[in-house]
Amino acid sequence: MTKRAMRVHTPSFPLVTLSGIALLVSEKAEALADNLENQFQPVADTSVLAVTEMVDVALRSFFMTPASKPKLTNPQEVQEAIRGLKVSKALGPNSILNRALKHLPQQAVSLLVLIFNTILLTHHFPTAWKHAQVISILKLGKDPALPSSYRPISLLNMIGKLFEKILLARILHEVSKHGLMKDEQFGFRPRHSMSLQLALLTERITRNFGKKRLTGTVFLNVAKAFNTVWNDGLLYELTLINFPSYIVHTISSYLRGWMFEASFQMATSSC
């Protein structure tokens, strides 16, 4: 109660959109949703139409062949994944707390194992888990009147995120087995923090400085890289490196058919 009473509320600015000024919270939620929808469009390059057609044909042929036998999960792996969940994470659309998952009885864990193994066998990621509730946080130093100034944070189904950890373990196993990730890759790897990468860069610069050598660096920042990735191209690359077909089938199902709704204060946009 004291925190709520002492909290300084951030003023709610009108949002400037192509169709006018959004004043009501419901209008702001729709404006943020429209902005995100425009961002989540794949980049279409008509100059590589032949490549697109070749990828489409290759994927149709690939998905017509039977998938490989999956590596099924077990209660021990699921319990380990549950132990790794952070209790401070915000609620997803299903309103299930990670703290509640950590107290599941053995029978409930066994049911999760059955569900996850069914997904791995059928290569079908449930449609009910493909719903994201997006909250928007104003970026530091950005104009609060522009919808593009807000950083989207997607809140997902907690059970679906738990399955993602199971699938990710199989993906990382294949990546490690085939040596697909270079030692210099630090992002999205356990025990590879940004501070360690900075320490490595500093050590190399210092060493070259001592040898009177120059150190050149190139920094690339690809705008909206995750939002605009070509999904079929990604799946095609996985087939080229002989990724287990059951993983490719499951990733294909996971990537398609997502829906989201944007939240602003107490209002929620249409899906």
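Helices (H or I, at least four residues) and strands (E, at least two) are DSSP runs, numbered from the N terminus. The model is predicted: local features need pLDDT of at least 70, side-chain atom pairs count only at pLDDT 80 or more, and totals for chains, interfaces and linings use all residues. Residues are numbered from 1 along each chain as its sequence is written, and side-chain values use heavy atoms, with hydrogens and water left out.

**Exercise 1. Positive phi**

Solution. 
1. Most residues other than glycine have a negative phi, and most peptide bonds are trans.

**Exercise 2. Strand E5 and its partners**

Determine which strands pair with E5, using E3 and E6, and how much of E5 is buried.

Solution. 
1. Two strands pair if DSSP finds at least two bridges between them.
2. Strand E3 (residues 131–138) runs parallel to E5, with five bridges joining them. Within this pairing, valine 134 has alanine 262 of E5 as its bridge partner.
3. Strand E6 (residues 267–268) is antiparallel to E5, over two bridges. Here serine 263 is opposite threonine 268.
4. E5 and E6 make a hairpin with two residues between them, and glutamine 265 in the turn has a positive phi of about 55°.
5. Buried means under 20% relative accessible area, exposed over 50%, and partly exposed in between (1.4 Å probe, protein chains only). In E5 (residues 259–264), five of the six residues are buried.

**Exercise 3. Histidine 103**

Is histidine 103 buried or exposed, and what does its side chain reach?

Solution. 
1. Histidine 103 lies in the loop between helix H5 (98–101) and H6.
2. Its relative accessibility is 63%, so histidine 103 counts as exposed.
3. A polar contact is a pair of N or O atoms within 3.5 Å; within protein, one must be able to donate a hydrogen and the other to accept it, and residues adjacent in sequence count only if both atoms are side-chain atoms. The side chain of histidine 103 makes such a contact with the backbone oxygen of arginine 99, at 2.8 Å.
4. The C-alpha atoms of histidine 103 and isoleucine 82 are 9.4 Å apart, with the two residues 21 apart along the chain.
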